[in-house]
2 protein chains.
Amino acid sequence: MRAPRSRRHHHGRWRVLARVERFAEPALLLLLRERPSHGYDLLERLPELTGEARVEMGNLYRLLRGLEEEGLVSSEWDDSSPGPAKRRYAITPDGERLLDHWAEALRRAQQRTARFLTRYEERR
Amino acid sequence: MRAPRSRRHHHGRWRVLARVERFAEPALLLLLRERPSHGYDLLERLPELTGEARVEMGNLYRLLRGLEEEGLVSSEWDDSSPGPAKRRYAITPDGERLLDHWAEALRRAQQRTARFLTRYEERR
DNA sequence: TCTTACATGTGTCTTTTACATGTAGGAGAG
DNA sequence: CTCTCCTACATGTAAAAGACACATGTAAGA
């Protein structure tokens, strides 16, 4: 394992983000449960949920199409509004179920992290 | 993006774990701050922190040597006890500092996740 | 002797994330 | 009208992280 310089912060400190794996997925599902929308709009709304760490647009569009392949979201072209045509996504019942599973998993993650932090504080 | 079959659970349900990226790293540092120990021992103690999802031993040993290369842990062979020789790891001051950064990052992650879950519950 | 537990590792593939780039419609400035 | 900017969607590919398979050796006990 080579020491990855991506881990080093500019001034000798460490960049640690503690992101949840594939968090963009539940974030998209939640945004789409609130209301259907298109990729670029989701891209701008995602930071509300993900914080500083924004999702790459390339991966976002791929992710959306992946979710559609799996039947978790559906989409259709929308050229009613002016500007470039948008692909409007909506969550499906399967998508809502998956979001529910994500929510449960995230609650368990909260508990794991809380235990970690408690143990961390114990002998500080 | 090909639909990954690893995501499908056996009976048509979804396997979602919501793990924190590279969580094994702070977990190892925390265990080593409590007391120095060797890889196999850490492997058995890790589930206390990571839950069900256990770390692959192969990756664990690689991770430990990676941490050593970066000066976050130190190690030496210990053949005092019976059985196969063990490589005994200890956390370094740099390692303790990194652990502190991880703890801060994990607290921020807790807040992000809490916001997500609140928003999830709002319009359930 | 054979199996099991302890202990440390390498090799390699897949999945996930990061970075770079391409195409195109329209709006407003000059 | 041309130049630039913002919107919108997309592909290509590299790097990082994780999963899976296997190799090596010590020692204890059936």
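Helix H1 (residues 24–34) of chain A lies across E1, E2 and E3 of chain A and runs at about 90° to E3(A), where axes are lines fitted to C-alpha atoms, for helices over the stretch in contact, and angles run from 0 to 180 degrees between N-to-C directions. Helices (H or I, at least four residues) and strands (E, at least two) are DSSP runs, numbered from the N terminus. This is a predicted model, in which local features need pLDDT of at least 70 and side-chain atom pairs count only at pLDDT 80 or more, while totals for chains, interfaces and linings use all residues. Residues are numbered from 1 along each chain as its sequence is written, and chains are lettered from A and ligands numbered from 1 in the order in which they are written.

**Sheet of chain A**

- H4(A) also packs on the sheet, where it touches E2 and E3 of chain A, and its direction makes about 120° with that of E2(A).
- The sheet itself is open and has three strands in the order E1-E3-E2 (chain A), with antiparallel pairing; two strands pair if DSSP finds at least two bridges between them.
- Its edge strands are strand E1 (37–38) and strand E2 (73–78) of chain A, each of which pairs on one side only.
- E1(A) and E3(A) are joined in the antiparallel sense over two bridges, and A:Ser37 stands opposite A:Tyr89 in E3(A).
- Strands of a sheet pair through backbone hydrogen bonds, either parallel or antiparallel.

**Sheet of chain B**

- Chain B likewise has an open sheet of three strands, in the order E1-E3-E2 and with antiparallel pairing.
- Strand E1 (37–38) and strand E2 (73–78) of chain B stand at the edges, each with a single partner strand, so one side of each is left without a neighbour in the sheet.
- E2(B) and strand E3 (residues 86–91) of chain B pair in the antiparallel sense over six bridges; B:Ser75 stands opposite B:Tyr89 in E3(B), and B:Ser74 has B:Ala90 of E3(B) as its bridge partner.
- Helix H1 (residues 24–34) of chain B packs on the sheet and touches E1, E2 and E3 of chain B, its direction making about 90° with that of E3(B).
- H4(B) lies across E2 and E3 of chain B and runs at about 120° to E2(B).
- Between E1(B) and E3(B) the pairing is antiparallel over two bridges, with B:Arg88 in E3(B) as the bridge partner of B:His38.

**Contact between chains A and B**

- The contact takes 35 residues from chain A and 35 residues from chain B, two residues being in contact if their C-beta atoms, placed from the backbone, lie within 7 Å.
- On the side of chain A that touches chain B, the elements giving two or more residues are H1, H4 and H5 of chain A, and H5(A) gives the most, with 16 residues.
- By class, that side of chain A has 18 nonpolar, five polar and 12 charged residues, where Ala, Val, Leu, Ile, Met, Phe, Trp, Tyr, Cys and Pro count as nonpolar, Asp, Glu, Lys and Arg as charged, and the others, Gly among them, as polar.

**Crossing of the two H5 helices**

- The axes of helix H5 (residues 93–122) of chain A and helix H5 (residues 93–122) of chain B come within 10 Å and cross at roughly 150°.
- That crossing makes H5(A) roughly antiparallel to H5(B), a term that applies to angles over 145 degrees, whereas those under 35 count as roughly parallel, 65 to 115 as roughly perpendicular and the rest as oblique.
- The residues making the contact include A:Leu106, A:Thr113 and A:Phe116 of H5(A) and B:Leu106, B:Thr113 and B:Phe116 of H5(B).
- The residues of the contact of H5(A) with H5(B) divide into 12 nonpolar, four polar and two charged.

**Surfaces near the DNA strands**

- DNA strand D is surrounded by 22 residues, of which the closest are A:His38, A:Gly39, A:Gly58, A:Lys86 and B:Gly58; a residue is near a molecule or strand if its C-beta atom, placed from the backbone, lies within 6 Å of it.
- Helix H2 (39–45), helix H4 (57–69) and strand E3 (86–91) of chain A, together with helix H4 (57–69) of chain B, are the elements that give two or more residues to the surface near DNA strand D, and H4(A) gives the most, with four residues.
- DNA strand C is surrounded by 23 residues, the closest being A:Gly58, B:His38, B:Gly39, B:Gly58 and B:Lys86.
- The largest share of the surface near DNA strand C, four residues, comes from H4(B), and the residues of this surface divide into seven nonpolar, eight polar and eight charged.
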